[in-house]
2 protein chains.
Amino acid sequence: MITVLSGGVGAARLLRALRAAPDAPATRAVVNVGDDLVLHGLTICPDLDTILYTLAGLNNDATGWGLTGETWRVMSELEALGGESWFRLGDRDLATHLYRSQRLADGATKTTVSAELARSLGVDVELLPVTDDPLSTVFETARGRLSFQEYFVRHHHDVVVSGVEVVGAPSARPSPAALSAIHDAERIVIAPSNPIISIDPILQVPGVADAVRRRRADVVAVSPIIDGVALKGPADRLLGELGHEVSCVGVADFYGDLVGTWVIDEADARYEAALRERGYRVRVTTTIMGRADHDAALAAAVLS
Amino acid sequence: MITVLSGGVGAARLLRALRAAPDAPATRAVVNVGDDLVLHGLTICPDLDTILYTLAGLNNDATGWGLTGETWRVMSELEALGGESWFRLGDRDLATHLYRSQRLADGATKTTVSAELARSLGVDVELLPVTDDPLSTVFETARGRLSFQEYFVRHHHDVVVSGVEVVGAPSARPSPAALSAIHDAERIVIAPSNPIISIDPILQVPGVADAVRRRRADVVAVSPIIDGVALKGPADRLLGELGHEVSCVGVADFYGDLVGTWVIDEADARYEAALRERGYRVRVTTTIMGRADHDAALAAAVLS
């Protein structure tokens with residue numbers, strides 16, 4: 001049994017690679033909810049949905065978000081009405097948000113709803129929101145204080161960030177299922193998700209970082225920075241703007257004593273010594289997913 | 001300037017007939033919100049939307065609800081997820097609900113949102129929700145206490161009703177615009193909507209019935225009961241189950257001293273004397289809308 005601390009795309013691909021591995025262990029994902037939002041009355045959980053759709057084989061690999069065979073009738077009608085349409089919600093995707101919003105209104109938790117959606121879509125990874133309480137990651141930027149999706153989608157993360165706050169984190173209660181998944185797992189994996197805005201909101205929920213630290217010997221992290229850049233998203237830029245070294249070492253220093261083993265890309269082999277000096281075990285492999293042989297190599301490195 | 005107290009389909013058709021009349025006066029509709037609901041996180045206002053769509057020429061006359069050229073992608077995906085799908089929401093219709101829900105979340109009132117939607121869809125009737133506070137019409141039935149849409153849509157109004165309550169009415173504040181529309185109008189029209197579940201929730205908002213009563217001489221009501229039956233919906237059955245005579249006279253007795261003039265169908269000419277005995281002026285004409293000549297005759301009777 002392994003547990004993966006997960007953001008969106010990078011985590012979804014790692015989870016898919018792990019599920020495809022020979023003798024894949026039962027897998028749970030403790031998922032970030034700091035970028036969840038309520039829009040048009042609907043509760044939207046981008047990271048949970050990205051994982052759900054990817055593991056169900058429904059994700060659109062071309063765009064990196066959204067669903068295959070998606071249609072856009074509602075959004076085009078909403079635009080005609082003059083509604084807010086910068087956050088693109090396809091018709092198929094909307095069904096997920098309608099389902100979740102109704103179930104939450106019924107009194108179900110995000111944890112319960114995630115399990116229901118996973119069952120409906122045939123996904124066998126347990127998707128565990130880190131908390132059922134509201135979190136909201138906000139950005140201090142050159143354009144003022146922005147919500148996650150304003151920063152990420154509306155401004156295409158092309159704005160200077162001077163600070164990140166996970167509103168709600170200090171008083172959030174970790175989900176018991178998420179904490180158990182960290183306590184019980186044979187191995188805990190930190191996905192190659194954005195350290196600052198995908199993983200850190202998970203770690204900021206009281207009790208979670210301590211639970212991970214207690215398992216340090218079994219914690220394997222995959223670097224999201226390869227040769228100084230993030231494959232996707234603003235992890236590299238954010239690390240630099242917030243004063244961290246933009247490398248796998250910078251990420252390692254960011255996580256500090258939570259991690260036992262680092263998995264870094266072959267392009268970063270030069271950093272192996274620096275990581276070992278800091279007391280980490282290190283595995284060097286390809287970390288660029290999407291090709292079956294790469295996926296298998298990375299999964300083997302993480303699982304071995 | 002005329003003001004029409006309005007439920008859904010019957011009111012929408014009357015408003016359309018009035019707008020098509022020669023020298024049509026400026027028109028405001030004071031609209032029932034007792035059957036509004038929140039479903040899947042979305043605020044849905046069936047009567048406002050039926051009027052909006054009908055006046056925009058977008059309504060589906062075949063079904064009596066919903067939009068022309070409607071598609072059902074979201075609903076079919078929601079069904080596949082195991083979501084609640086008994087209340088059918090088309091993709092085009094959903095855009096209206098997303099728009100409204102976001103604007104309400106922004107802090108706009110239903111009154112403001114209705115004006116925005118009317119403008120977007122080119123509707124020149126002012127749509128005035130009777131109140132911006134929540135109302136919720138509930139039914140005491142043989143199957144227990146049901147919400148409006150559970151009664152109307154889920155059970156196809158095929159269940160015995162022993163009582164109707166408009167929850168929220170005693171503490172609701174009438175919208176100032178709706179009250180003004182009653183005070184200022186040259187003529188106030190009570191649409192041939194369901195007296196018990198479309199018009200009465202309007203009248204139960206404190207101050208509204210009194211405002212109408214003060215204008216009694218200028219109040220013209222169109223009977224929704226023709227020869228003992230309602231053209232559409234459960235008005236006839238509800239009147240009978242709740243102890244009222246199922247005729248235009250029964251409806252007149254239900255409204256009492258709010259009305260000055262009754263417009264009844266030619267099929268009900270036999271009731272003219274009984275209504276005059278009760279102190280009403282009476283006009284007998286066709287009240288079955290949908291044909292241009294009928295619409296013109298009814299509009300003329302209401303406006304003359």
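The model is predicted, so to speak of local features pLDDT must be at least 70, side-chain atom pairs count only at pLDDT 80 or more, and totals for chains, interfaces and linings use all residues. Residues are numbered from 1 along each chain as its sequence is written, and chains are lettered from A, with ligands numbered from 1, in the order in which they are written.

- The same surface serves both copies, since 100% of the contact residues of chain B recur in chain A.
- Contact joins 26 residues of chain B to 26 residues of chain A (two residues are in contact if their C-beta atoms, placed from the backbone, lie within 7 Å).
- On the side of chain B that touches chain A, the elements giving two or more residues are β4 (42-44), α3 (73-80), α4 (91-106) and α5 (110-120) of chain B (helices are DSSP runs of H or I with at least four residues, strands are runs of E with at least two, and both are numbered from the N terminus).
- α4(B) gives the most to this side, with 10 residues.
- By class, this side of chain B has 11 nonpolar, 10 polar and five charged residues (Ala, Val, Leu, Ile, Met, Phe, Trp, Tyr, Cys and Pro count as nonpolar, Asp, Glu, Lys and Arg as charged, and the others, Gly among them, as polar).

**Helix packing in chain B**

- Helix α1 (residues 9-20) and helix α13 (residues 292-303) of chain B pack at an angle of about 85°, with their axes 8 Å apart (axes are lines fitted to C-alpha atoms, for helices over the stretch in contact, and angles run from 0 to 180 degrees between N-to-C directions).
- That makes α1(B) roughly perpendicular to α13(B) (65 to 115 degrees; under 35 is roughly parallel, over 145 roughly antiparallel, and the rest oblique).
- From α1(B), B:A17, B:L18 and B:A20 meet B:D295, B:L298, B:A299, B:V302 and B:L303 of α13(B).
- The contact of α1(B) with α13(B) has seven nonpolar, no polar and one charged residues.

**Helix α5 of chain A**

- The buried residues in α5(A) (residues 110-120) are A:K110, A:T111, A:V113, A:S114, A:L117 and A:A118 (buried means 20 or more other C-beta atoms within 10 Å of the residue's own, exposed 12 or fewer, and partly exposed in between, with C-beta atoms placed from the backbone).
- Seen down the axis of α5(A), these residues fall within an arc of 165°, so they line one face of the helix (the arc is that of the directions from the helix axis to the C-beta atoms).
- Their cover includes α2 (46-55), α4 (91-106), β5 (126-129) and α7 (176-184) of chain A.

**Loop residues of chain A**

- A:H40 sits in the loop between β3 (37-39) and β4 (42-44), and has a positive phi of about 55° although it is not a glycine.
- A:H40 is buried, with 29 other C-beta atoms within 10 Å.
- A:D227, in the loop between β11 (225-226) and β12 (229-230), is not a glycine either, yet has a positive phi of about 50°.
- A:D227 counts as exposed, with 12 C-beta neighbours inside 10 Å.
- A:D268 lies in the loop between β13 (261-265) and α12 (272-277) and counts as buried, with 22 C-beta neighbours inside 10 Å.
- Not counting residues up to four places away in sequence, A:D268 touches A:S223, A:I226, A:D227 and A:C248.
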